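Biologist: Please take me through the aromatic rings and the packing around them. I want one close look, with the cut-offs spelled out.

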Amino acid sequence: MDSRPPNLLLLLTGLLHLSPLARGQGSYIIDAVGLTVLPSSTVESGTPVTIHCRVTVSSENLPNLTHTFQLRQDDVPILSTITTEDTVVYKLNPARAADSGSYECQVTVKDKSKKSFNEKLDVRGLQTPVLNLSKRTLYKGDDFMATCSAPDEKGSLLFRFFQRFGNEQPERMKQVAATGNTSETTLVLRNVGDYFLYCAYEINLASGTRHSNHSNEIQVIVTELQISPIMNVLPSDTVYEGDIIEVVCKVVNSLQDVNVFLTRDRRILKEARVSLSHRFIAQEGDSGELVCKAEWGNVQKETYQKITVKELFSKPHLTVEPLFMFEGDRLKLTCSVTVYVPERINNKAMVFSIYRDKVEVARSHTYTAVANASTNGNYTCRALSSSLAHSFVKESPKLVVKAKVLVSKPVLSVVGGTLVLGTRFQLLCHSDIGTLPIKYTLHGLGKVIGDQLVSRPGQQALFNPPAIFKRMDLNNFICHASNSNTHPPEVGSVQQLFDSTNVIEPVSKPMFRIDPGMGDVSEGQDLTLTCSVQKGTPPITFTWYHAETAGVLASEISNKLEESFFIHNVMREHKGEYYCESNNPANETKRSYPVSVKVKLAHWKKGLIAGLCIVLVLALVLIVALKTRLLVCGRKRTGDLSVKSAGTKLERLSLTQAEVNQAANVTPGIMGKSVWSEHVSGSESDDQISEPAPSPQYTEVSIGEADPNRAPVKKGTDTVYSEVRNSMQGVPDPTDGGSVEYADLNHDTDRHVNHDVQRDHVDGPVRHGPVDGPVQHGPVDGPVQDDQVDGPVHHHQMDRPVSVVASTADQGE
């Protein structure tokens, strides 16, 4: 067998035992870190001081541990070292004030760290500084070098230099910050006399600022440097132009390295060593103050001398006429001088020249030309004169000549180019050409509306005239433009304003009409809504509205003063009020008065309704006729039931009360009076009330011969007799051959029937057949009215049988 697995197991076991050493992780602890300041925490400046930092570490199987020491002063690291030793020493030899502070030591072992307690060190006292000067004997204003040092001190020092003049109090001269322990600077003493100089310094520590003692004092003697120059002006300090002037400037009894300068108006005229001489020809501008300066090192001395140069003649003066000229005007330039010393200069011998833009245009004291663009420019003139000693030239100041341009005809325009009649507007008056300032005046409507002065480029003349109401009123506005008092104003064109303006006339109140004219239209017809205005600038927007509905019916933009909107096939919902609105670019909406439209029924609907009415009437007539026919048929049946054929040809018909009521109520109010009535005549009523009615009552209708005592009722050629009579209860009529009982009248004896007797109107003869045959009647056109009956009609109550006997003369037989 292979022995590798047991060997591998032994190797792993050994690694597990050695793993703490392999990883370098043993047990250790930092016991303490101590800090010691020797010989003491408070020492005098210059004393040697040592600072000891010691660490104590306990460990297991960790020999030769390395320690990282870091020493800090006021949290600023001053020492950092790595060692296997347990102690480090930091030496301050000697200790100075800058070493004062709070010290702390921190030790790090592997990944552990520990700090000591803070220990303070106080070093008392500062080194006394030492002052050194480059010069001790000086001239007034001379500078020198001063050095103040404290070579044993450390830190950031601030040096100050002091002076004491005579017995006066010390005064600080300068303060200088130095990064080291020495400061060097330049000092100047301004006064003559004895000075005492010294220096001191200060140091800023965490505990505060400390000041050193004063350095040694050094005496400095300051003397006056005799370099004041002397200046002479020959022949004198007052001369005439053209004279020769000599100026002498020098320093007497001075050092050889003194420089001398001659200046005027801060301009050096000449420079030399110790002494100089300067000659020049006096001119008009040479008047002023001359300065002679002497300089040695940083010391300067000055001498002043004022000179005056008088003019023999004035500087030329150039004038132009006219002062305000326009193109086309004649201009004249004149060059003139004033002679002050005629005995030294001849005016007639003076030569003049006139220049434009430095080019000579005339060798004379005058120049004339016609003003235009070519004559504009910068003009000067020169005067050449010769004196007894010298000749020289004077030039006049520059004169700018620029001829003005007359204003052009103004253009009058409406701001925006559009004018709405009846509203306020603005007019702009403008000339394309013309030198500013230009005065614009607006005339209109028989008066001056206003004026505007345009004096700046870009400025406009705007006017606010009153509103106009007619287009032709634009011809009344005229603009005048003027920029000259000697030229008449320019007048703008009236027609130009009229042609360049878009005049908009607002629409008038629209007129609204409809067709058909009175607003009555039938269903199915067409309705025309016409909206028109009497005036207004097109395009005009017409809009139609229906008051009963929300929104716009129609809208149309037109170039005409009238437009129409059509409603085809009018219906009932088209009724109501209509109106229209008009508008145009003037943006003023006008509304018409409303017009009411009534919609009538269509003709075919009227015809249909009329036809229906006719049909209803015919149906009613038919119903009446049918009811009448039924009544006649009922009478016929009665005649058939009771007929007398004896010599009197009486026909008797006996009916029940129910049948009589049915016949009477067929056509109430149309057929005539009912057979029954609620009331009877007085005599008959009394008789009837007194008679008892124990048995059923019957009604008899008898047709017999004419009663000669009764008035006939004529209809056609027939004569009809009517008789209403009462039959005795239970007793047959003597004339009756017999009676047929048709029906019982089953009514309460207390009720009364309120019906009139209905009679038929007979157009032809009534024919009666034999008794045993049917009774034939002619056509019946209508009921027989009561006023056609001459004889009396008797009404009976329902509690007694009523006999109705009808007889007629049978003329045919």
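**Rings and core**

Modeller: Start with a cluster: Phe542, Trp544 and Phe565 are linked by ring pairs. A pair here means Phe, Tyr or Trp rings (six-membered ring for Trp) with centres within 6.5 Å; planes under 30 degrees apart are stacked, over 60 edge-to-face, and the rest tilted. The model is predicted, with local features needing pLDDT of at least 70 and side-chain atom pairs pLDDT 80 or more, while totals for chains, interfaces and linings use all residues. Numbering runs from 1 along each chain as its sequence is written, and side-chain values use heavy atoms, without hydrogens or water.

In total, the structure holds 9 aromatic pairs. One of them joins Phe159 and Tyr201.

Next come Phe165 and Tyr195. They too form a tilted pair, 4.7 Å centre to centre and 50° between the planes. Phe165 belongs to strand β13 and Tyr195 to strand β16, so this pair ties together parts 30 residues apart in sequence. Phe165 is partly exposed, at 26% relative accessible area. Tyr195 is buried, at 3%.

Now the packing. The largest nonpolar core has 26 residues. Such a core is a set of buried Ala, Val, Leu, Ile, Met, Phe, Trp, Tyr and Cys residues joined through side-chain atoms within 4.5 Å. Leu131, Leu133, Phe144, Phe161, Leu189, Leu197 and Val220 have the most contacts inside it. Two or more residues each come from β10 (130-133), β12 (143-149), β13 (157-165), β14 (171-178), β16 (193-205) and β18 (218-223). Strand β16 gives the most, 6 residues. A second core is separate and has 25 residues, among them Leu331, Ala362, Ala369 and Phe392.

Last, charges over rings. Arg382 lies over the face of Tyr355, 4.6 Å from the ring centre. Lys509 does likewise over Tyr593, at 4.5 Å from the ring centre. The test is NZ of Lys or CZ of Arg within 6 Å of the centre and within 35 degrees of the ring normal.

Note on methods. Buried < 20%, exposed > 50% of the residue type's maximum accessible area, 1.4 Å probe, protein only. Helix = DSSP H or I, 4+ residues; strand = E, 2+ residues; numbered from the N terminus.
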